[in-house]
Amino acid sequence: MNMLKVGDKVPDFISKDQDGTIIKLSDYAGTKLIIFFYPRANTPGCTAEACNLRDNYSELKAQGYELLGVSEDSSKKQSNFKNKYDLPFPLLADEDHTVINTFGVWGPKKFMGREFDGLLRTTFIIDENGVIEKVVDKVKTKDHAAQILD
């Protein structure tokens, strides 16, 4: 699977957020958008990443960005995660991998010596025209907003 890269136009996608609301890429036309993919809600790294983006949300908004978080968790898990940490942005419950496959962020991973396929922690910064202007594939979970704003 080929990951989208800088300069690629993101194909439109449709998914549901933590409340079952339909979200489409076209909803964000004319807006700068940050889409961050994380492996699993309520795990230490994903919580650190989401909370860092939450803590810097006003700065990201001031720069004109909207945010979307995406994992393969269920709507219920995403809703619990969003509420538990008071996250101010939608979390897509991409159980069928529609968005994950669109961006090409499923692939081989290593954890504690085991190799397996999983969701690759990756962030895409998309301009107002739906074109990727930056990809962060070495995410620093505790300092992610700084990576985006650099």
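Let's begin with Glu115, which is exposed, at a relative accessible area of 60%. Exposed here means over 50% relative accessible area, buried means under 20%, and partly exposed is in between (1.4 Å probe, protein chains only). Before we go on, please remember that this is a predicted model, where local features need pLDDT of at least 70, side-chain atom pairs count only at pLDDT 80 or more, and totals for chains, interfaces and linings use all residues. Residues are numbered from 1 along each chain as its sequence is written, and side-chain values use heavy atoms, leaving out hydrogens and water.

So who is the partner of Glu115? Its side chain meets that of Lys110 in a salt bridge, 3.8 Å from N to O. By salt bridge I mean a side-chain nitrogen of Lys or Arg within 4 Å of a carboxyl oxygen of Asp or Glu. Lys110 is exposed too, with 65% relative accessible area.

How many salt bridges does a search of the whole structure find? There are 7.

Have a look at Arg40 and Glu72, whose side chains form a salt bridge at 3.5 Å, N to O. Arg40 sits in the loop between β3 (32-37) and α1 (44-55), and Glu72 in the loop between β4 (65-71) and α3 (75-84), so this pair ties together parts that are 32 residues apart in sequence. Those helices (H or I, at least four residues) and strands (E, at least two) are DSSP runs, numbered from the N terminus. Both residues are partly exposed: Arg40 at 36% relative accessibility and Glu72 at 22%.

Last stop, friends: Arg54 and Asp55 form a salt bridge, with their closest N and O atoms 2.9 Å apart. Arg54 is partly exposed at 27%, while Asp55 is exposed at 53%.
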